[in-house]
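Me: I have a structure open and want to learn how to read its features. Can you take me through it, one feature at a time?

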Amino acid sequence: MASLIRFSQILCLSFMLLRFRVQSASPSQSSPHSSPHLCRPEERSALLDFKSTTTNLTEYCDDPSHIIQTWDESKDCCLWKGITCDKVKGHVIGLDLSWNCLKANLTANSSLFRLEKLQSLNLSGNYFHYPNSSFGLNRWKSLTDLNLESSGYMYGSLLFDEIFLLPKLVSLDLSGNDGLLLDNIKFQMLVHNLTELRFLILDTVNMSLVVPSSLLNLTSSLEHLSLRSCNLQGNFPNQVFQLTKLVSLDLSGNDDLLLDNIKFQMLVHNLTELRFLILDFVNMSLVVPLSLLNLTSSLEYLSLSYCNLQGNFPNQVFQLPSLRLLDLSRNSQLGGNLPESNQSSTLEYLYLSYTTFSGELPHSIGNLKLLKELYLYQCQFYGSIPGSLANLTEITHLDFSSNHLRGQIPNVFGKMHKLTDLKLDENNFGGEIPASIFNLTHLTFLSLSSNKLLGRVPSWLFSLPSLSYLDLQNNSLTGPIDHVEMPSLILKEVHLSNNEINGSIPSSFFDLVHLTVVNLSSNNLTGTITPDMLSKLVDLEDLDLSHNSLLSLSNNGTAVNYSFPNLLSLKFSSCNIHKFPSFLRKAEKLQELDISNNKISGQIHKWEIEGMSLGTLNLSYNFLTGIDSFGFGNLQDVDLRSNLLQGSLPILSTTRDYMAQLLISENNLTGEIPSFYCNFTYLQVLVLANNRLGGKIPECLTNLSNLLILDLRMNKFHGRIPNLFVNNSLLLTLSLNDNQLEGILPRSLVNCSYLEILDVGNNNLNDTFPHWLGVLPLLKVLILRSNQFHGVISNSVPAFYFPQLRIIDVAQNDFMGLLPGNYFKILKGTERELARILKIFTTIDFSGNQFHGPIPEELGELNSLLLLNLSHNSLSGQIPSSLGKLVELESLDLSSNKLEGRIPEQLTKLTFLSVLNLSHNELVGHIPEGKQFSTFSNDSYIGNFGLCGFPLTKKCKEPRPPSSQFYEEDDSIVVFEWKFALAGYGCGLVLGLSLGYIAFTTGKPWWVVKKVEKYQQKLVGRCNQSYKQRRIQKPNQCF
């Protein structure tokens, strides 16, 4: 983005020079210093009257020109800045008040209209208010140059009605006035009347109603045409090709404009005078890159970024004799390589970022001796940096980041005295940081992050006279940070995280007094950080020293009122802190405090934190036993998980009710949920799991319209689940397992159309199977285990029910009847579609009920199933041979049923099967041999008195029957990895899901836990990011 801004500045400067040549060609203008005449009194008076009506708004401008403030009434007005007079009669013919940050109302009575002989007017970069009606612009009959770029408040199209009446206009600039609308009729009038135009720039004027063919009537004398970001649509206008005198053409930013290969060839064939061609964002997907070979040799600036160019870029374009700037960035399907050539080049700016340019950087890159900016970010270059790079002595910006470059960074920077930005991050560079960087006295930005750099951090980096940003994170840097001899007063940001830096931070580091951002997290730092050290960093805004397990933070100095006037964020997670840093109590701007996973114990008192302005507070994974009631105006996220908190839930308050995330799980809290928690109208995540809370669930909780996650599992809540889930609820996850809830499932759950996970397992609910939940379009996980659900699960389920259901656990209830085969068909029917959008594997647990009848053949179609548990029912018949198609199955439990017949030989095809339990059935015959079956013990078959063969001691009397022809796996079946959300939580919460009951002892299924934890971490990261952005997300944006 920075390169685009600089590029725009370069083009603006070039256009200004070109326009100056247009203006200077007029014989009636002259410099005021060459005029022997005094300006006319009436015109002098008009200028002073106009000055008196203006207000200066310099506070809104970075570098105002202050032209009008220099006008001295005692001097000839022809000598005033911005004034040009006619050299014969003394009339004011030129007025330039550009970028003077003036505010005024321009009306029909404005004194400017008394300058009747005005030929050139430049009001760009001001804040004028133009009337919605006619105000007499056409009175300047001699006007040849009109520049109103970004000059204030223009609306509609009335302004054009007066511009049409200025037939002598040579240059017209109305760019940067977003309120202007130019329709097709008025554009035709413009091009019909202004036949002398040589310079036309209408950037950002709304031309969406202009038909491209209207460009046919543009005067053939036009030399400079810029219609950037004008909402032009349709096919690229052929008529532009007839403007053979065009020197510059800018149609960039018109996303809906299409340029095909034939028209591009016409462009390059006809416009032979072009020096500037800018087509950024124009759709050029149909243009063959070889067509670029016909570009005119006079071309100086070629910008084709975001054009969807595809294929290989011809190297010969790099050799155009006048080319100074080439921008091909953001064409992700455009490839090529840098040419090997011994010729010198005129190139000054080269942008290839976000393309697929590849290959090694050629030695001939050193021939680009005029190069000022080189951006190769996010390409496919590999190999090492050639030593010839040292020849680029004019370079100011160099970016090779996000490639595949390797080797040691060469010492090539000794003569690059103008270099200000150096970015080599996200490559595979090794070795030490080159010493020649020390010579870069103008370097302001240095990023070498995400490489494999070794050695110590050179202390001279902290003394570079112009460096303001230093990023060395994600390397293998070692050793302590050395003493800083001459601490910089310029350095603002230091990023050294994720290295292997050890030892204590030297006190001289804190003499870098103007640091705003410091990140030394995830190293091996030791020692103690004191309040005195931190107080030296008077501009400090963001400090992150997390994940240094031996680094402590001293709380000495609580008697001193340290202010830390600019501190916004302090992160000291996973360190060696034993006390709450109460010295921060006067950090009035502190918004984020993370001291989680430390050794802080005891009580936190209100006086220790009441002076902060916290929005995020993370005290999780400590040994806190209590915390006083506290509140902040902007409090949004509170994490008190995994402490030793006792008593009632803490009283938290936020004056704006902005609380978004409240995590207080895994403590020893008792009592009921306070009703004022329902005042947090913006609450998105509430996790109170794994405490000893009781009472009834407040009805108002289910009425919070922004709630995404509600996790109250593993407590002692009783009573009914409130039946007040609101329409259009955003709820994603409802986890109420392991409580003492009773009654039926609330029917208002059908209002939760975004619900993905419902877990009410291990309660006392008494209801029938909730078929009505099938209308929820996103429900993926349904856990009803260990309740008193009863009745028959109907097999006549509509085809559109449960469209995304992936996990169903109804174990340990009182269901009866046949297994519902149609539900298994539903799982199969959605499998292929979900493979593209979901990574969560399927389990089925119907154990511990009263199901009877045969096992449905449809189960064999769920080829991505990993766990199937139908144990402890009254199932009969034979084991379906179709189960041999479950090629991903890892656990199969059919124990404690009434199954009969032989064990299908097809089950030996289940090469991932690690758990098998067929015990306590009526199976007979040979136990299959080979593959996974050779790993199972007697326990897998006990209680089947008709079975024989290995591993049982009972020998088979009958010979083994010949093996039947096994099925062949259909290659067309889409097999993909499913992950299972185990008892856990999304967005940092545990989702209360279960693998289901396994009748035999296998130990905890850690293979599942690891997958789930990985899934949860990804989930948490996405949600936490959305909370920090402080906008209410739709559920699918969080996952």
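Me: Which residues touch the most other members of the largest nonpolar core?
Reply: In soluble globular proteins, nonpolar side chains tend to be buried together. Now the case here, in a predicted model. The largest nonpolar core has 272 residues. Phe-413, Ile-437 and Phe-462 touch the most other members. Helix 2 gives the largest share of this core, four residues.

Me: What is Ile-437 in contact with, leaving aside its neighbours within four places in sequence?
Reply: Ile-437 contacts Phe-413, Leu-422, Leu-443, Leu-446, Leu-448, Trp-460, Leu-461 and Leu-464. Phe-413 is also one of the residues that touch the most other core members.

Me: Which residues does the second, separate core include?
Reply: That core has eight residues. Among them are Val-685, Val-687, Ile-709 and Leu-730.

Me: Back to helix 2. What span does helix 2 reach, and what is expected?
Reply: Compare the end-to-end C-alpha distance with the span expected at 1.5 Å a residue. Helix 2 covers residues 41-52, 12 residues in total. It reaches 17 Å, close to the expected 16 Å.

Me: Which residues of helix 2 are buried, and what do they pack against?
Reply: Glu-43, Ala-46, Leu-47, Leu-48 and Phe-50 are buried. The buried residues of helix 2 pack against strand 2 (83-85), strand 3 (92-96) and strand 6 (127-129).

Me: Now the surface. Is Leu-290 buried or exposed?
Reply: Exposed means over 50% relative accessible area. Leu-290 has 54% relative accessibility, so it counts as exposed. Leu-290 sits in the loop between strand 15 (276-278) and strand 16 (301-303). With Val-288 and Leu-293, Leu-290 makes a nonpolar surface patch of about 250 Å².

Me: Is Asn-556 buried or exposed?
Reply: The same cut-off applies: over 50% is exposed. Asn-556 has a relative accessible area of 59%, so it is exposed. Asn-556 lies in the loop between strand 35 (550-553) and strand 36 (569-571). Asn-556 and Pro-531 are 25 residues apart in sequence, and their C-alpha atoms are 7.3 Å apart in space.

Me: And the whole chain? How many helices and strands does the protein chain have?
Reply: The protein chain has eight helices and 67 strands. Buried residues make up 56% of its 1039 residues. Take contacts with a separation of 6 or more: residues 24 or more positions apart account for 60% of them.

Me: What is the accessible surface of the protein chain?
Reply: The total comes to about 42000 Å². Carbon and sulfur atoms hold 50% of that surface.

Definitions and conventions. Residues numbered from 1 in each chain as written. Predicted model: local features only at pLDDT ≥ 70, side-chain atom pairs only at ≥ 80, totals over all residues. Heavy atoms only, no water. Helix = DSSP H or I, 4+ residues; strand = E, 2+ residues; numbered from the N terminus. Buried < 20%, exposed > 50% of the residue type's maximum accessible area, 1.4 Å probe, protein only. Contact = heavy atoms within 4.5 Å. Areas by Shrake-Rupley, 256 points an atom, 1.4 Å probe, with all protein chains shown as cover. Expected span 1.5 Å × (residues − 1). Patch = residues over 30% accessible without salt bridge, like charges linked within 9 Å, V, L, I, M, F, W, Y side chains within 5 Å. Salt bridge = Lys/Arg side-chain N within 4 Å of Asp/Glu carboxyl O. Core = buried A, V, L, I, M, F, W, Y, C linked by side-chain atoms within 4.5 Å.
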